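Good morning, colleagues. Please look at the sequence and the structure on the screen while I describe them.

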Amino acid sequence: MNKITEDMKVYEILDNYPKLEKTLLQNGLYCSGCPGSNTETIHEAAEGHGIEPNKLLKKLNEALEQD
């Protein structure tokens, strides 16, 4: 099973799991097209936007499991 981890770069998530863009948007992360998505991990992006990283990871992984 695939899993999103806190050390994955945002662009990796968007490239490999495009359906997760909706989850990012719902959580205030408008990462698509952002230059920071190439260098920031999902943990760094979450913290930078005042989002608790573990909660975001949980939501991303739940969305990933859905068809």
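Glu62 lies in helix 4, where helices (H or I, at least four residues) and strands (E, at least two) are DSSP runs numbered from the N terminus. Please note that this is a predicted model, in which local features need pLDDT of at least 70, side-chain atom pairs count only at pLDDT 80 or more, and totals for chains, interfaces and linings use all residues. Residues are numbered from 1 along each chain as its sequence is written, and side-chain values use heavy atoms, with hydrogens and water left out.

Is Glu62 buried, exposed or partly exposed? Buried means under 20% relative accessible area, exposed over 50%, and partly exposed in between, with a 1.4 Å probe and protein chains only. At a relative accessible area of 38%, Glu62 is partly exposed.

Let me turn to the overall fold. The protein has four helices and zero strands, and from the N terminus on its elements run α-α-α-α. The C-alpha atoms fill a box of roughly 30 × 20 × 20 Å along the principal axes. The radius of gyration, taken over C-alpha atoms, is compared with a globule rule of 2.2 Å times the number of residues to the power 0.38. For 67 residues, a compact globule would have a value near 11 Å, and the 10 Å of this protein agrees with that.

Of the 67 residues, 39% count as buried. Contact here means heavy atoms within 4.5 Å. Among the contacts with a separation of 6 or more, 65% are accounted for by residues 24 or more positions apart.

Next, the interior. In soluble globular proteins, nonpolar side chains tend to be buried together. A nonpolar core is defined as a set of buried Ala, Val, Leu, Ile, Met, Phe, Trp, Tyr and Cys residues joined through side-chain atoms within 4.5 Å. The largest such core in this model has 19 residues, and those with the most contacts inside it are Ile4, Leu20, Leu29, Ile42, Leu56 and Leu60. Helix 1 (10-16), helix 3 (42-48) and helix 4 (53-65) each supply at least two residues of this core. The largest share, five residues, comes from helix 4.

Which residues does Leu60 touch, not counting those up to four places away in sequence? They are Ile4, Leu20, Thr23, Leu24 and Ile42.

I now move to the loop between helix 2 (21-26) and helix 3, where Ser37 is found. Ser37 is buried, with a relative accessible area of 9%. Residues up to four places away in sequence aside, Ser37 touches Lys9, Val10, Tyr11 and Cys31.

Thr41 lies in the loop between helix 2 and helix 3 as well. Thr41 counts as buried, at 12% relative accessibility. Leaving aside neighbours within four places in sequence, Thr41 is in contact with Glu6, Asp7, Met8, Lys9 and Val10.

Finally, consider Lys3, in the segment before helix 1. Lys3 counts as exposed, at 53% relative accessibility. Not counting residues up to four places away in sequence, Lys3 touches Met8, Asn61 and Leu64. The C-alpha atoms of Lys3 and Asn61 are separated by 6.1 Å, with the two residues 58 apart along the chain. Thank you for your attention.
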